[in-house]
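Please look over the structure below.

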Amino acid sequence: MTESITITDNRTGESIEIPITSGGVAADEWEKLLPGIWFYDPAFMTTAAAESAVTFIDGDAGKLEYRGYPIEQLAESSTYLEVAYLLLHGDLPSGAELEAWVHEITYHTFIHENVRKRFLEGFHYDAHPMGILVSAVAALSTFYPEASNIFDDTIRYKQIIRLIAKMPTLAAAAHRFSAGMPFVYPDNSLSFASNFLSMMWKTAEPRFDANPALARAVDVLFILHADHEQNCSTTAMRVVGSSHVDPYSACAAACAALYGPRHGGANEQVIRMLASIGSLDNVPDFIAAVKSGHGRLQGFGHRVYKNYDPRAKIIRKAAYDVFEVTGKNPLLDIALKLEETALADEYFTSRRLYPNVDFYSGLIYQAMGFPMEMFPVLFAIPRTAGWLAHWVEMLAQDTKIARPRQLYVGSPRRDYVPLADR
Ligand code: CMC
């Protein structure tokens, strides 16, 4: 039996039956019954804006899969570049395909000298690295004008390679600039994560060899952040991309969305919260204050996950691997106590508030020496693969330009009043 719903217009008594397909109902069917009546859904809370085969989330069960592969298995056995291939191509690569992909990415990590010399150096000395990244990604479109040929397969693929490859270079350059340190060129003999750490931390040594445990932790964090279906920045990528602008401009819009504290900035809020709590003794008072409506437990709760965020579990384990090298982040004990206290408290359990990806990620980044301003930048590097996967999918679906309706609540028509008469 086909599942369906029936909607009746009580003004006319007319009905329309609409099939339920893939868990949704097609809105253009409603329009046949209700022309000029729009569905009001400002934050897309109940709107599916895309059919997508990239990422699956079951928020109730706490499940996340990229192209059908559970995130736990990918974090355990894969690498970020293999995951980026998977997201973009739909399947895991063969050995030869992976080798060619890694080679392509590795050999596109350099940025044009003018991006660094003329563009990046034009920023104010204390510029936020995420502000630099947003602008630098947009500026790339002027260095690769052919990128506007988005329906040419070869050209489009080249820009995908360039974007994934150059993000760590731009990210590290943004940090080095805001820290007053000289730019470090990419080292093509290093892995994706090790090369990024080299560009971040290399000083006078001829070659920077990152600690393998730290490089692996960065790679796992990149895997966990590579995609998360129709989140705010991916939606920005799709909406801007639907105008058929080049991918650098669309990606800059996605980066800008990620800059916001509600999206890419929550792990910074977690660190600030843990520092302000200060000691284990203050945890009960802090939880009591949250329950009485004074602030939120940062890093807890999620629009989609109503269970433990599967990424938070993996990050919690990765934190211990990192702390073995860096020494324990002193804020960890406060985080563990907060989690234990909240998960035993009816306020949090009844609202299904669990730790999300941001609860532990900031602790790792901080222990590894990343300044807090770099947290959203660290998020943007791997999410580029997800943004591009959704962009490619959208172009293949021949989607129309994104253009929602509005419910007008302003003044009715009125006549202009000359200035002297107002
Ligand atoms: N601490 C205390 N109470 C909370 C929290 C929290 N972190 N999150 C939600 N609530 C309460 C909220 O007060 C409300 O209670 P009531 O029903 O009594 O009014 C109820 O839970 C539902 O909250 P909501 O704001 O309607 O839920 P939402 O889906 O709109 O918000 C959220 C989701 C992530 C914005 C929110 O949980 C939050 O602000 N969390 C803290 C910030 C944070 O960790 N953000 C990172 C999210 S993960 C990023 C990613 O996936 O990329």
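How many salt bridges are there between domain 1 and domain 2? The count is zero. This is a predicted model. The protein is divided into domain 1, residues 4-58, and domain 2, residues 68-410.

**Domain arrangement**

- The C-alpha centres of domain 1 and domain 2 lie 33 Å apart.
- Eleven residues from domain 1 and 17 residues from domain 2 take part in the contact.

**Domain interface**

- Between them, domain 1 and domain 2 bury about 1300 Å². Carbon and sulfur atoms account for 66% of that area.
- Trp 38, Val 54 and Ile 57 supply 47% of the area that domain 1 buries against domain 2.
- The side of domain 1 that touches domain 2 has eight nonpolar, two polar and one charged residues.

**Ligand shell**

- The ligand is surrounded by 17 residues. The closest are Arg 296, Leu 297, Gly 299, His 302 and Asn 356.
- By class, the shell holds six nonpolar, six polar and five charged residues.

- Arg 311 places a polar side-chain atom 3.2 Å from an oxygen atom of the ligand.
- Tyr 347 has a polar side-chain atom 3.2 Å from a nitrogen atom of the ligand.
- Taken alone, the ligand exposes 950 Å². The protein buries 67% of that.

Terms used: Residues numbered from 1 in each chain as written. Predicted model: local features only at pLDDT ≥ 70, side-chain atom pairs only at ≥ 80, totals over all residues. Heavy atoms only, no water. Domains from an automatic or database assignment. Contact = heavy atoms within 4.5 Å. Buried area = accessible area lost by both parts, 1.4 Å probe. Salt bridge = Lys/Arg side-chain N within 4 Å of Asp/Glu carboxyl O. Nonpolar A, V, L, I, M, F, W, Y, C, P; charged D, E, K, R; others polar. Near = heavy atom within 4 Å. Polar contact = N/O pair within 3.5 Å; in protein donor to acceptor, adjacent residues only side chain to side chain. Areas by Shrake-Rupley, 256 points an atom, 1.4 Å probe, with all protein chains shown as cover.
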